[in-house]
Amino acid sequence: MIRYFTSNPASKVLCSPMLLSTFSHFSLFHMAANMYVLWSFSSSIVNILGQEQFMAVYLSAGVISNFVSYVCKVATGRYGPSLGASGAIMTVLAAVCTKIPEGRLAIIFLPMFTFTAGNALKAIIAMDTAGMILGWKFFDHAAHLGGALFGIWYITYGHELIWKNREPLVKIWHEMRTNGPKKGGGSK
């Protein structure tokens, strides 16, 4: 579990944990909190992106948020393992809050206090930025921030740049899978 399901730039295994750590959690409460937030925003993001694009963005977000965490850990010298889906979930939350900034949100135990999605996103980004700069260790603030920034970027630009232009790559992939790699043109 520690080798493959926790991400740490000081580990001997660097790449696969960037994805696999998004499927491991420290405790039942950690998993329940992440799954509640994902459940709260998943229907909105699936309505916006569709199921296939949601899966592609979510899995990519897990890797990207862990990469941002790696970079910050190496830059600051604050090594240590990270795990959980919160970086990828922050992508989902940020994408929904960016697409629907006037949507109303509330905290589960304080439903009488509501706020806009846009203000919630600003507050989360401010908290994670402060946590990253000040070295707070309760959350992986760099992964949260990386996930949030990826969500904002993807919903604003990524859909147009990546998803709508995927057809040529999909055709090449299907040709490779059905016909195998093309003969010639390369070294033998």
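Colleague: Is S7 buried or exposed?
Modeller: In this predicted model, S7 is buried, and its relative accessible area comes out at 0%.

Colleague: Where is S7 found, then?
Modeller: S7 belongs to the loop that runs between α1 (2–5) and α2.

Colleague: And which residues is S7 in contact with, leaving aside its neighbours within four places in sequence?
Modeller: With those neighbours left out, S7 is in contact with P17, S21, N66, Y70, K73, G80, P81 and S82. The side chains of S7 and N66 are also joined by a polar contact, with a distance of 2.7 Å.

Colleague: N66 is in α4, I think; which residues of α4 are buried?
Modeller: The buried residues of α4 are Q53, F54, V57, Y58, A61, G62, S65, N66, S69, Y70 and K73, and N66, Y70 and K73 are also among the contacts of S7.

Colleague: What covers the buried residues of α4?
Modeller: The covering elements include α2 (16–20), α3, α5 (86–99) and α7 (141–161).

Colleague: Changing topic, how many aromatic pairs does a search of the whole structure find?
Modeller: The search finds six aromatic pairs. One of them is formed by Y36 and W39, a tilted pair with 6.0 Å from centre to centre and 40° between the planes.

Colleague: How are Y36 and W39 placed in helix α3?
Modeller: They sit three residues apart in helix α3 (residues 28–49), so about one helical turn separates Y36 from W39. Y36 is partly exposed, at a relative accessible area of 37%, whereas W39 counts as exposed with 62% relative accessibility.

Colleague: What about F54 and Y58 as an aromatic pair?
Modeller: F54 and Y58 form a tilted pair too, with 5.8 Å centre to centre and 35° between the planes. Those two are four residues apart in helix α4 (residues 51–76), and therefore about one helical turn separates them. F54 counts as buried at 12% relative accessibility, and Y58 is buried as well, with a relative accessible area of 9%.

Colleague: Which residues do ring pairs link into a cluster?
Modeller: That cluster is made of F150, W153 and Y154.

Colleague: Which residues does UniProt list for "transmembrane region"?
Modeller: The unreviewed UniProt entry lists residues 56–76, 105–126 and 138–157 under that name. In the model, residues 105–126 are 45% helix and 45% strand, with the end C-alpha atoms 18 Å apart, while residues 138–157 are 85% helix and 0% strand, with the end C-alpha atoms 32 Å apart.

Colleague: And where does UniProt place the domain feature?
Modeller: The unreviewed entry places "domain: Peptidase S54 rhomboid" at residues 18–158. That span is 72% helix and 8% strand, and its end C-alpha atoms lie 21 Å apart.

Colleague: Last one: what is the mean pLDDT of the protein chain?
Modeller: The mean pLDDT is 88, and 96% of the residues reach 70 or more.

Notes
Residues are numbered from 1 along each chain as its sequence is written. This is a predicted model: local features need pLDDT of at least 70, side-chain atom pairs count only at pLDDT 80 or more; totals for chains, interfaces and linings use all residues. Side-chain values use heavy atoms; hydrogens and water are left out. Rings of Phe, Tyr and Trp (its six-membered ring) pair if their centres lie within 6.5 Å; planes under 30 degrees apart count as stacked, over 60 as edge-to-face and the rest as tilted. Buried means under 20% relative accessible area, exposed over 50%, partly exposed in between (1.4 Å probe, protein chains only). UniProt positions are given in the numbering used here, feature names are shortened, and annotations may be inferred rather than shown by experiment. Contact means heavy atoms within 4.5 Å. A polar contact is a pair of N or O atoms within 3.5 Å; within protein, one must be able to donate a hydrogen and the other to accept it, and residues adjacent in sequence count only if both atoms are side-chain atoms. pLDDT is the predictor's confidence in each residue, from 0 to 100.
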